[in-house]
6 protein chains.
Amino acid sequence: MLLHLSTWPEVETYLEQSRGIIIPIGSTEQHGPTGLIGTDAICAEAVARGVGEATTALVAPTLNVGMALHHTEFPGTISLRPTTLITVLEDYLICLAKAGFTRFFFINGHGGNIATLKAAFAQFYYRCSELNLTHAAEIRCHLANWFMCRSVYKLAQELYGKEEGSHATPSEVALTQFVYPEAIKTAPLSPEVASGFPIYSAADFRRSYPDGRMGSNPDLATPEHGKQFYELAVQELSESYRKFVGEERDS
Amino acid sequence: MLLHLSTWPEVETYLEQSRGIIIPIGSTEQHGPTGLIGTDAICAEAVARGVGEATTALVAPTLNVGMALHHTEFPGTISLRPTTLITVLEDYLICLAKAGFTRFFFINGHGGNIATLKAAFAQFYYRCSELNLTHAAEIRCHLANWFMCRSVYKLAQELYGKEEGSHATPSEVALTQFVYPEAIKTAPLSPEVASGFPIYSAADFRRSYPDGRMGSNPDLATPEHGKQFYELAVQELSESYRKFVGEERDS
Amino acid sequence: MLLHLSTWPEVETYLEQSRGIIIPIGSTEQHGPTGLIGTDAICAEAVARGVGEATTALVAPTLNVGMALHHTEFPGTISLRPTTLITVLEDYLICLAKAGFTRFFFINGHGGNIATLKAAFAQFYYRCSELNLTHAAEIRCHLANWFMCRSVYKLAQELYGKEEGSHATPSEVALTQFVYPEAIKTAPLSPEVASGFPIYSAADFRRSYPDGRMGSNPDLATPEHGKQFYELAVQELSESYRKFVGEERDS
Amino acid sequence: MLLHLSTWPEVETYLEQSRGIIIPIGSTEQHGPTGLIGTDAICAEAVARGVGEATTALVAPTLNVGMALHHTEFPGTISLRPTTLITVLEDYLICLAKAGFTRFFFINGHGGNIATLKAAFAQFYYRCSELNLTHAAEIRCHLANWFMCRSVYKLAQELYGKEEGSHATPSEVALTQFVYPEAIKTAPLSPEVASGFPIYSAADFRRSYPDGRMGSNPDLATPEHGKQFYELAVQELSESYRKFVGEERDS
Amino acid sequence: MLLHLSTWPEVETYLEQSRGIIIPIGSTEQHGPTGLIGTDAICAEAVARGVGEATTALVAPTLNVGMALHHTEFPGTISLRPTTLITVLEDYLICLAKAGFTRFFFINGHGGNIATLKAAFAQFYYRCSELNLTHAAEIRCHLANWFMCRSVYKLAQELYGKEEGSHATPSEVALTQFVYPEAIKTAPLSPEVASGFPIYSAADFRRSYPDGRMGSNPDLATPEHGKQFYELAVQELSESYRKFVGEERDS
Amino acid sequence: MLLHLSTWPEVETYLEQSRGIIIPIGSTEQHGPTGLIGTDAICAEAVARGVGEATTALVAPTLNVGMALHHTEFPGTISLRPTTLITVLEDYLICLAKAGFTRFFFINGHGGNIATLKAAFAQFYYRCSELNLTHAAEIRCHLANWFMCRSVYKLAQELYGKEEGSHATPSEVALTQFVYPEAIKTAPLSPEVASGFPIYSAADFRRSYPDGRMGSNPDLATPEHGKQFYELAVQELSESYRKFVGEERDS
């Protein structure tokens with residue numbers, strides 16, 4: 001059930017049986033010479049909708065811009081500053097919490113979002129307690145990074161080994177190829193690709209990783225791989241979601 | 001050309017021939033008993049993509065949450081506070097301006113965004129001058145509300161007259177029906193619908209407009225109407241866009 | 001009754017019979033070669049005091065600096081950024097709301113304030129609900145732009161036609177001449193005056209409108225006209241105010 | 001020369017001979033049973049205009065709302081939070097500094113503003129250096145509290161001794177009586193008045209000082225006293241201003 | 001009793017008998033050619049711990065960075081902007097207030113912190129009332145500057161006369177020598193030292209005070225003097241603390 | 001070399017040979033019935049000073065309050081909100097970067113700080129580029145969590161196995177016992193200790209972990225263990241530091 005394709009009475013009805021919601025979050029950032037700028041949002045959204053279908057959970061609209069400041073030396077990247085993203089998440093979640101949602105399951109497509117998301121969760125809980133929301137103490141956020149699913153990680157190792165790399169990876173590119181087969185891009189990719197440099201400023205990042213890839217060979221990606229990744233992620237995260245919304249504590 | 005389906009080298013190439021970008025912005029808010037919560041984002045995105053195709057302009061990912069604080073008493077609504085939205089827009093546009101974009105054409109689907117967008121534009125120009133961006137003085141934002149296109153407005157009057165109302169209108173519902181025919185909703189709609197109350201707080205709004213509609217009869221909407229609205233908006237805004245990016249001043 | 005010339009026990013007494021307050025807001029910005037920098041504040045304050053007298057309403061001190069970032073390339077202009085102005089308005093209105101005021105009637109003298117004021121109202125209502133103010137749901141703001149009063153607009157058209165323009169207009173200059181006859185300025189005014197350019201950055205604005213006027217001929221202004229504008233605005237807005245504070249909803 | 005009664009070309013001309021500007025700042029807060037809510041703004045404005053006349057300096061519009069959170073339990077008080085006031089002052093001063101002003105002479109009417117003003121000055125200097133303003137290193141702010149002028153203080157001691165108190169004082173009330181003889185208020189004043197309590201929260205303040213006065217007897221005030229205070233303050237601060245704008249350092 | 005060397009059950013027990021806490025605040029800023037960069041934090045911490053011992057009060061960890069923007073042209077200085085420091089103090093104090101503390105006794109080692117601290121106290125009280133904290137109206141902050149203790153000031157005058165100066169003073173240097181005898185620094189000090197210039201920007205400060213001292217001769221400092229200053233400050237502030245936490249009001 | 005025990009000319013000299021600085025960051029939060037509230041700050045500071053000695057690096061004053069919102073239901077905890085901590089770090093690091101430092105090596109004692117620190121680094125790099133700092137592209141931050149040193153982790157597993165737990169761990173308690181043998185606390189510790197619950201709000205945390213420990217048995221800690229942990233961490237992080245400041249990139 002997609003929030004943007006629902007009506008408010010449908011949401012009201014939904015809340016009578018579940019307090020959980022899935023929130024996809026991606027990024028709008030360079031993904032090397034052949035990876036789509038929307039890769040992280042596309043992957044997060046696809047997986048989130050799959051999980052939503054499998055679990056009959058409500059899926060919120062995708063946060064398609066995240067924390068990608070280190071990619072901003074490549075044109076087309078759009079990023080929020082971490083303090084902005086924290087404030088955005090506070091605003092979003094407070095609206096949903098006031099309406100009665102208490103379980104927020106984020107499906108994330110971008111490693112660079114993780115730190116800011118965790119910080120935002122802490123700030124959100126604190127704000128809920130300050131606002132004296134009815135269910136403040138029951139409110140919980142869960143961060144699920146689809147690319148860190150055990151099954152996904154294992155398949156990526158099997159298929160690509162070291163060539164999986166850590167940005168513009170064949171696994172995420174494959175997933176976008178599965179979702180948007182009409183947007184498969186090709187470009188000459190140098191077989192030598194930088195890897196192993198820590199991430200500092202955007203200027204430093206571009207110096208370290210001149211074509212935007214971090215140790216990856218996205219040429220290995222195929223739509224068929226993408227389908228496999230999709231199915232594994234949906235299955236694994238559907239289980240996580242069910243566990244998360246069902247989570248209780250003996251008291 | 002959709003930003004999220006492009007690569008960074010494609011954006012680099014695009015920038016050699018154009019400095020313009022289209023940014024769809026909607027809202028995630030109640031639209032009455034039968035209107036989709038994503039109505040404003042759906043409409044803005046559809047029209048923006050149409051304009052992008054017609055003009056070969058780049059289209060950014062949709063800002064699908066906007067300023068809808070007055071709708072937050074209805075479950076499913078998500079809103080940013082105006083100061084948050086202004087900061088978000090500053091972050092977005094600064095990224096794009098640093099990359100070389102100078103003409104930002106917003107296609108907006110929600111009346112409640114207008115004030116905050118205008119405020120954000122002013123703050124963004126000022127920030128550009130403080131950052132000494134190379135093209136600071138050339139940077140321009142344009143706000144195009146698809147529902148206020150002359151041709152759209154005229155057709156809505158012809159088709160619906162007073163029943164167009166001002167929120168959850170048949171014209172916007174029709175457009176979503178055209179885009180998502182699989183998500184056409186029905187529900188008993190009281191023939192008597194509140195109208196004419198000014199907008200104050202969310203609590204007051206719900207008291208004034210108990211089912212969320214403002215003077216509208218969305219039952220009149222059809223997907224065929226939606227197609228007409230879509231085509232009119234795309235045509236009219238494509239012209240606006242061309243004029244906007246071509247705009248020069250004799251000096 | 002002017003707030004700054006009242007004592008707190010007088011305000012306490014006032015609140016027993018009315019919950020309304022009038023808040024004049026202007027701007028401190030260039031108004032062409034002959035218009036006063038304080039024009040918008042002067043006009044808003046004069047009209048607000050007139051309405052206050054006519055309705056025995058309380059009038060708050062004038063917000064004499066507003067949102068005029070686009071005028072900041074002309075010396076003497078002082079502006080707040082929109083986010084600052086929103087925060088200022090939140091602070092002001094929260095103080096007054098805690099004291100028991102629920103009806104805030106803004107009399108505005110500057111078109112550039114409108115967007116930010118509307119955004120601020122939305123943010124203020126939301127904050128009131130978060131603070132659980134006793135009368136949160138009754139709190140209402142109304143924005144009255146004196147220069148958009150029907151009677152004012154009509155007279156300006158009759159007197160000046162197209163030469164009214166849209167900034168440093170003869171109508172607002174006339175009103176300042178009526179209020180401050182000792183500060184009537186003269187300077188050679190080019191009969192050709194720029195008009196029709198959209199408003200972007202401050203640098204762009206000055207390039208478009210080199211002497212600060214937007215299509216206007218303030219030479220046509222006279223103190224007598226000013227008196228007429230004043231009286232029309234006071235009459236029309238006094239009615240609006242009475243209606244606004246008396247506004248009730250059947251429940 | 002009053003900024004709000006000047007045109008931008010007049011300001012441009014002024015800047016050719018002086019870089020100084022006088023900024024009156026007051027407060028909108030309770031001043032006991034007979035003191036005007038605008039007392040601090042009225043006094044600061046009157047003195048500032050007097051100094052402006054004596055020195056031909058430009059006088060900015062009065063900041064009539066300041067930091068008066070501790071008075072907010074009395075109706076009619078309006079206050080900014082310190083962080084808001086700092087941001088407001090940054091915005092104001094940056095506008096003026098960009099236009100070429102380098103000497104900002106604040107004439108202040110409210111003790112409660114002092115801390116926030118000093119903090120704001122520090123933040124403003126820092127911001128100027130970050131913005132690389134042309135004259136960043138020459139920018140200076142001066143805080144002149146009219147009620148702390150040596151001559152004013154001496155006269156207040158002579159006239160009122162201990163009955164001067166520290167809020168709603170006869171000296172400031174006298175000055176408002178001189179400026180607004182039509183707004184002289186009377187009310188029974190208890191001869192016993194609280195004094196000596198430190199200032200904490202607004203609730204605590206009202207508990208300590210139930211009628212708003214702090215150890216003062218404003219019944220002693222007369223318009224004639226007010227005239228004397230006015231003249232002493234204008235004379236003393238005119239000298240301070242001349243010294244401040246003329247201040248140079250041997251290098 | 002030092003907070004950082006206590007356990008939470010010890011704090012819980014402490015709160016049963018006292019609601020007071022001592023908070024040392026210093027600065028990390030240049031103190032001339034021989035003064036330690038940590039001088040203000042070292043002095044505040046030492047005195048605070050002495051007072052804690054004498055009164056069995058709880059002592060919080062030292063805020064060792066404060067408001068020192070005017071010293072930032074000297075390497076090694078670290079400063080918060082005033083708005084940041086106010087927010088930090090709000091966060092700190094809200095945590096402590098929620099836990100039940102109501103009396104916050106700041107022992108401050110840096111004149112430059114005073115304005116921002118006072119502003120922060122006002123903002124904190126206001127926030128407490130907005131959060132509806134149980135004891136909001138009982139919450140009180142007290143600012144004690146150890147270097148302004150009557151006894152300290154008197155001894156400094158006796159020992160150093162005019163050579164005490166106002167920054168990098170022999171009295172504060174002496175106190176650090178007493179605390180850290182192993183870190184006594186020597187360097188050639190010009191007998192001529194700048195004094196009397198007002199404080200504006202950091203660049204201006206360094207121009208006025210090229211070696212960082214303000215009229216002081218820290219060569220006069222000895223660890224023995226430091227011991228005396230320490231003991232006087234501890235004694236005087238212990239009394240202040242006892243009075244502050246015992247403070248009641250007849251009702 | 002400790003910054004707070006240095007003079008500004010010493011820092012100036014230091015900068016001629018190194019651009020690196022070590023910044024210890026801890027937290028002020030409950031650590032179970034016997035752990036010190038300052039545990040994380042104490043450990044970070046001790047290790048940082050050890051590394052500073054081993055490498056002759058400059059060590060900044062300890063940030064002794066961090067992000068511990070989830071511990072705020074236990075008295076004595078003080079926390080910043082993530083957005084506040086990010087702003088604090090921006091202010092700190094900008095001061096140091098302007099002075100010429102380019103390598104910031106954080107030694108962290110608190111897992112809860114990690115997310116916010118990483119977010120802050122990204123925001124800081126971005127700000128440096130906006131401020132056009134001379135060495136913006138060379139600026140790098142490194143996060144070293146002493147408790148995650150390989151050697152430390154290994155020893156903790158050997159000594160405590162599963163009883164190490166994840167908060168109020170015997171390893172960190174041991175380190176504080178080594179540093180402050182006079183502050184070793186004892187209390188009856190239930191042999192059964194909660195573990196495995198995810199971290200959500202502060203209220204939820206206290207419900208899950210009633211005495212504050214997370215799966216740990218701090219009774220196993222001894223000062224001798226502490227010495228071992230200290231030495232291992234210092235050795236391992238000294239190597240990391242040397243590598244970090246020496247880090248170059250072939251170009």
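How far is the sulfur of B:Cys141 from the closest cysteine sulfur, and in which residue does that closest sulfur lie? The sulfur of B:Cys141 is 7.9 Å from that of B:Cys128, which is too far for a bond, a disulfide being counted where two cysteine sulfur atoms lie within 2.5 Å. The model is a predicted one, in which local features need pLDDT of at least 70 and side-chain atom pairs count only at pLDDT 80 or more, whereas totals for chains, interfaces and linings use all residues. Residues are numbered from 1 along each chain as its sequence is written, chains are lettered from A and ligands numbered from 1 in the order in which they are written, and side-chain values use heavy atoms, with hydrogens and water left out.

Over all chains, the structure holds 0 disulfides. F:Cys95 is likewise in no disulfide, and the nearest cysteine sulfur, that of F:Cys128, is 11 Å away. B:Cys141 has a relative accessible area of 5% and is buried; buried denotes under 20% relative accessible area, exposed over 50% and partly exposed the range in between, with a 1.4 Å probe and protein chains only. F:Cys95, at 3%, also counts as buried.

Aromatic pairs were assigned to rings of Phe, Tyr and Trp (its six-membered ring) with centres within 6.5 Å, planes under 30 degrees apart counting as stacked, over 60 as edge-to-face and the rest as tilted. By this rule there are 84 aromatic pairs over all chains. The ring centres of C:Phe104 and C:Phe124 are 5.7 Å apart and the planes stand at 85°, so this pair is edge-to-face. C:Phe104 belongs to strand E3 (residues 103-108) of chain C and C:Phe124 to helix H4 (residues 114-130) of chain C, so the pair ties together parts 20 residues apart in sequence. Helices (H or I, at least four residues) and strands (E, at least two) are DSSP runs numbered from the N terminus. C:Phe104 is buried at a relative accessible area of 0%, and C:Phe124 is buried at 0%.

A tilted pair is formed by E:Tyr14 and E:Phe101, with 6.4 Å from centre to centre and 35° between the planes. E:Tyr14 lies in helix H1 (residues 8-17) of chain E and E:Phe101 in the loop between helix H3 (82-99) and strand E3 (103-108), 87 residues apart. Both E:Tyr14 and E:Phe101 are buried.

Ring pairs also join A:Trp8 with B:Phe74, B:Phe197, B:Phe205 and B:Tyr209 in a cluster.

Chain B contacts chain A through 48 residues on chain B and 48 on chain A, contact meaning heavy atoms within 4.5 Å. The area buried between chain B and chain A is about 3,900 Å², with 66% given by carbon and sulfur atoms; buried area is the accessible area (1.4 Å probe) that two parts lose on being put together, summed over both. In chain B, the residues losing the most area to chain A are B:Leu5, B:Trp8 and B:Pro75, together 19% of what that side buries. By contrast, no contact joins chain A and chain D, whose closest C-alpha atoms lie 17 Å apart.
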